[in-house]
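Please open the model in your viewer and keep the selection panel at hand.

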There are 2 protein chains.
Amino acid sequence: MPMCEGEFFDYLREVDCSDVEVYSIPEGSVVFPKVPLMRVEGPVAVVQLLETPFVNLINYASLVTTNAARHRHVAGKSKVLLEFGLRRAQGPDGAISASKYCFMGGFDATSNVLAGNLFGIPLRGTHSHAFVSSYMSLDEIPNKALRSKDGSRVCQDFVSLVQEWLQKIQVADSLGGVFGDTNQSELAAFVSYALAFPSNFLALVDTYDVMRSGIPNFCAVALALHDLGYKASGIRLDSGDLAYLSIEARKVFRAVEEFNVPGFGRMVITASNDLNEETIDALNKQGHEVDAFGIGTYLVTCYSQAALGCVFKLVEINSKPRIKLSEDVAKVSIPCKKRCFRLYGKEGFPLVDIMIRESEPSPKAGERILCRHPFIESKRAYVVPQHVEELLQCYWPGRSDKPRAELPSLDKIRSRCMQQLEKLRPDHIRRLNPTPYKVSVSAKLYDFIHCLWLNEAPVGELQ
Amino acid sequence: MPMCEGEFFDYLREVDCSDVEVYSIPEGSVVFPKVPLMRVEGPVAVVQLLETPFVNLINYASLVTTNAARHRHVAGKSKVLLEFGLRRAQGPDGAISASKYCFMGGFDATSNVLAGNLFGIPLRGTHSHAFVSSYMSLDEIPNKALRSKDGSRVCQDFVSLVQEWLQKIQVADSLGGVFGDTNQSELAAFVSYALAFPSNFLALVDTYDVMRSGIPNFCAVALALHDLGYKASGIRLDSGDLAYLSIEARKVFRAVEEFNVPGFGRMVITASNDLNEETIDALNKQGHEVDAFGIGTYLVTCYSQAALGCVFKLVEINSKPRIKLSEDVAKVSIPCKKRCFRLYGKEGFPLVDIMIRESEPSPKAGERILCRHPFIESKRAYVVPQHVEELLQCYWPGRSDKPRAELPSLDKIRSRCMQQLEKLRPDHIRRLNPTPYKVSVSAKLYDFIHCLWLNEAPVGELQ
């Protein structure tokens with residue numbers, strides 16, 4: 001099977017896009033099917049070469065941002081969402097895309113250190129199970145001294161302090177005497193971690209046994225840290241019944257408050273382990289005490305829908321409109337170079353998107369406009385928008401002197417995404433049977449589509 | 001939420017891996033659960049930093065290679081398999097990984113031009129629907145001349161030649177007079193394509209109507225090319241009933257042979273459109289005439305299993321073995337630094353993989369060895385291997401003077417992968433209820449695991 005000629009790569013390297021203009025809906029916007037995400041104008045050969053790169057760049061980014069936003073929606077605003085997908089993404093760079101767009105869709109942080117470095121995304125993670133099992137016993141800790149947070153004193157034997165606390169909680173009435181011997185390799189790992197990061201002590205508590213070993217070991221270290229003025233960050237649960245374990249762990253943390261440690265009950269509980277929209281929804285229904293969710297596989301692989309099917313359609317050439325017909329009406333393209341608007345109602349919610357021909361006047365706030373379903377004649381409504389937003393902005397003016405829309409920072413795009421989702425009418429985004437958001441065309445564009453359709457599809461030419 | 005300190009990135013940039021040794025099963029090998037794909041030795045801090053990158057690099061690569069091999073298995077050796085996943089992968093680099101590893105798993109070519117350039121993977125693709133709809137009529141073709149393949153003559157009006165052929169086939173008895181008027185925009189696109197690539201004319205025939213327009217237009221252009229000594233490459237079907245359309249197209253191609261064009265009936269028919277293992281299997285059962293499959297979304301997103309769950313386990317530290325226990329026996333790790341072997345039987349099939357402690361003697365051809373299930377006492381068998389293959393090779397000797405295994409070319413890795421799959425006993429890789437391939441441990445390692453397990457899991461410590 002032959003390769004293509006080497007000269008083709010040289011040609012690709014030198015493709016000149018200065019005659020191309022690219023219009024796009026601002027990144028971080030909520031979008032709906034049929035409304036073009038981009039409009040690309042220019043010499044047909046160059047524009048056709050851009051088809052695949054643009055579709056590649058848009059599809060996964062939009063898909064995983066949407067998936068992240070769906071996870072945020074089900075988890076609720078108050079929870080911390082951590083993207084833990086690096087090890088299951090499509091290689092290192094697939095993972096970087098995932099981290100960037102999950103943050104955009106409403107996640108708070110990533111465990112991907114390079115993504116943090118590249119985009120300024122907050123980093124969060126915990127130690128690994130291998131870190132715990134790399135310790136055998138407390139004897140392995142060479143330097144046992146820890147200076148108090150305010151620097152005023154040094155505890156020479158932090159290990160003994162931890163052991164004292166462990167004994168106290170093992171016999172505490174308030175804890176019901178539930179704790180026996182804990183795993184010493186785990187305890188050694190926690191102590192080492194606390195000595196290195198006394199201000200960021202977050203322990204993975206399920207390497208051996210969450211309730212019998214992980215939780216008491218964590219509490220002993222956290223209490224010893226507290227004696228020196230430090231506040232432990234919390235725990236991570238990575239297996240088992242997360243609802244049950246988080247509730248039981250919370251009970252212990254609340255009981256520990258009696259050792260004169262107010263606030264210990266609010267210790268952050270992070271949960272991970274094959275979480276997705278459905279499992280978070282199920283946890284919410286059962287009741288749980290999880291404050292933060294670490295989500296990986298199902299988030300970055302977009303398990304519930306592994307690919308987004310955005311496509312690229314030729315809609316006009318040399319000022320002549322083109323239409324792609326199909327047996328399936330959903331696949332018929334909307335012809336013509338178009339402008340697209342979002343019309344907002346009195347309550348500030350978007351009411352409908354409308355596409356118009358470029359030659360038509362823009363919709364205006366306070367002026368009645370007829371919005372038609374692109375294909376179904378009977379579906380139409382008059383709308384008087386309170387506010388009109390033009391969706392497609394010029395991001396690449398090419399040689400033209402059109403102003404170029406600003407490319408905002410990732411933080412600003414993320415805020416836009418979250419604000420746009422909040423502005424939607426709740427029934428459009430409820431999980432079960434959401435009301436479809438309406439996407440329409442102007443009366444003129446409607447007539448034009450159907451006229452073209454009849455011309456292009458003579459009787460007997462459709463399959 | 002705080003970022004980590006900038007110095008941490010500096011530290012990561014300077015991590016010294018010269019004390020690390022990495023052993024790995026050669027790329028392109030068939031592997032089975034429980035046998036480590038890699039063994040990493042070195043300072044614990046450095047090795048733990050390598051955990052995530054290695055898991056990231058291995059998981060998707062192994063998953064998509066396996067998925068490609070499964071598609072090859074169901075399609076059969078005689079079919080051409082084309083990877084068309086660029087637009088649905090996790091960004092540009094996710095797509096590059098997909099192209100590379102699908103080729104490794106047995107695909108023949110990719111439509112990803114950059115992957116072709118980077119790895120020397122053969123490139124294959126067709127024009128787009130947008131290319132077809134960018135033409136309006138035959139009048140748009142400025143230069144209608146085409147030189148014959150042998151250079152001996154020039155046809156001044158290739159368009160007329162095509163039109164003559166179109167008229168002939170429209171009235172041909174052998175074709176049953178099935179063809180009426182065809183779409184002229186499609187015909188113009190095909191003619192333009194043929195004028196530019198007379199030796200590689202491959203037409204996408206479903207933009208308007210496959211049987212009424214695409215096929216007769218294609219045949220007319222292919223016959224005109226034939227007059228000038230060129231051989232058309234074939235067609236691509238991208239929608240509709242691929243079994244039916246491929247069979248009908250084949251009938252037409254065979255009938256066209258009567259115009260004194262022997263071989264026209266063997267014209268390559270490529271099919272695409274959301275293909276996967278199941279749809280190819282269904283096509284095979286129905287009967288079809290497809291020669292080549294273009295597979296994208298389901299291939300690169302690994303739709304039937306979106307992630308592979310390879311993990312990294314600490315198995316030994318300071319010469320002390322470590323075990324990770326779990327309620328779920330499948331998640332219990334096999335402790336100790338190990339060597340791994342594949343034992344082959346008389347017919348050349350692999351019989352069983354065996355893991356042994358590093359201190360044990362290697363299994364030898366012709367010598368009986370006891371192979372034990374790692375966890376189930378009653379499952380064991382004596383094996384006399386005809387041939388023994390050591391699986392883990394040293395690819396990164398670090399500072400040591402161990403010889404470094406060769407890193408073969410992508411082509412060689414691909415051949416290894418296909419040879420290894422062919423060497424497997426067919427019942428291990430049949431689609432329905434495959435026989436599980438056995439993975440075992442030596443008697444010594446078995447005893448050691450169970451002794452360690454009892455020590456590490458005192459009664460009441462497991463959850």
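**Before starting**

This is a predicted model, in which local features need pLDDT of at least 70 and side-chain atom pairs count only at pLDDT 80 or more, while totals for chains, interfaces and linings use all residues. Residues are numbered from 1 along each chain as its sequence is written, chains are lettered from A and ligands numbered from 1 in the order in which they are written, and side-chain values use heavy atoms, with hydrogens and water left out.

**Stop 1: the two chains**

Colour chain A and chain B separately.

How do the copies meet? They meet through the same surface, because 100% of the interface residues of chain B are also interface residues in chain A.

**Stop 2: the cavities**

A cavity is a set of points, on a 1 Å grid over the protein atoms alone, where a 1.4 Å probe fits but cannot get out; lining residues have an atom within 4 Å of a point. Grid points are joined across faces, edges and corners, and a volume is the space filled by probe spheres set on the points. By this rule there are 4 cavities of 30 Å³ or more.

The largest cavity has a volume of about 90 Å³. Select A:Gln90, A:Thr301, B:Gln90, B:Thr301 and B:Ala306, which are the closest to its centre among the 16 lining residues. Next, show α2 (44–75) of chain A and α2 (44–75) of chain B, the elements that give two or more residues to this lining. Helices (H or I, at least four residues) and strands (E, at least two) are DSSP runs, numbered from the N terminus. The lining of the largest cavity divides into 10 nonpolar, 4 polar and 2 charged residues; here Ala, Val, Leu, Ile, Met, Phe, Trp, Tyr, Cys and Pro count as nonpolar, Asp, Glu, Lys and Arg as charged, and the others, Gly among them, as polar.

**Stop 3: the three-stranded sheet of chain B**

Strands pair if DSSP finds at least two bridges between them. In chain B, 3 strands in the order β2-β1-β18 form an open sheet with antiparallel pairing. Its edge strands, each pairing on one side only, are β2 (38–41) and β18 (393–396) of chain B. From one strand to the next the twist averages 30°.

Select β1 (residues 21–24) of chain B, which pairs with β2(B) over 4 bridges in the antiparallel sense. Within this pair, B:Glu21 has B:Glu41 as its bridge partner.

**Stop 4: the six-stranded sheet of chain B**

Now show the open sheet of 6 strands in chain B, ordered β4-β3-β10-β9-β8-β7 with parallel pairing. Its edge strands are β4 and β7 (202–204) of chain B.

Strand β3 (residues 80–83) of chain B runs parallel to β10 (residues 292–295) of chain B, joined by 4 bridges, and B:Val80 stands opposite B:Ala292. β3(B) also pairs in the parallel sense with β4 (residues 109–110) of chain B over 2 bridges, where B:Leu82 has B:Ala109 as bridge partner.

Technical notes. On a 1 Å grid over the protein atoms alone, a cavity is a set of points where a 1.4 Å probe fits but cannot get out, and a pocket is an open set with protein on both sides within 12 Å along at least five of seven lines; lining residues have an atom within 4 Å of a point. Contact means heavy atoms within 4.5 Å. Axes are lines fitted to C-alpha atoms, for helices over the stretch in contact, and angles run from 0 to 180 degrees between N-to-C directions.
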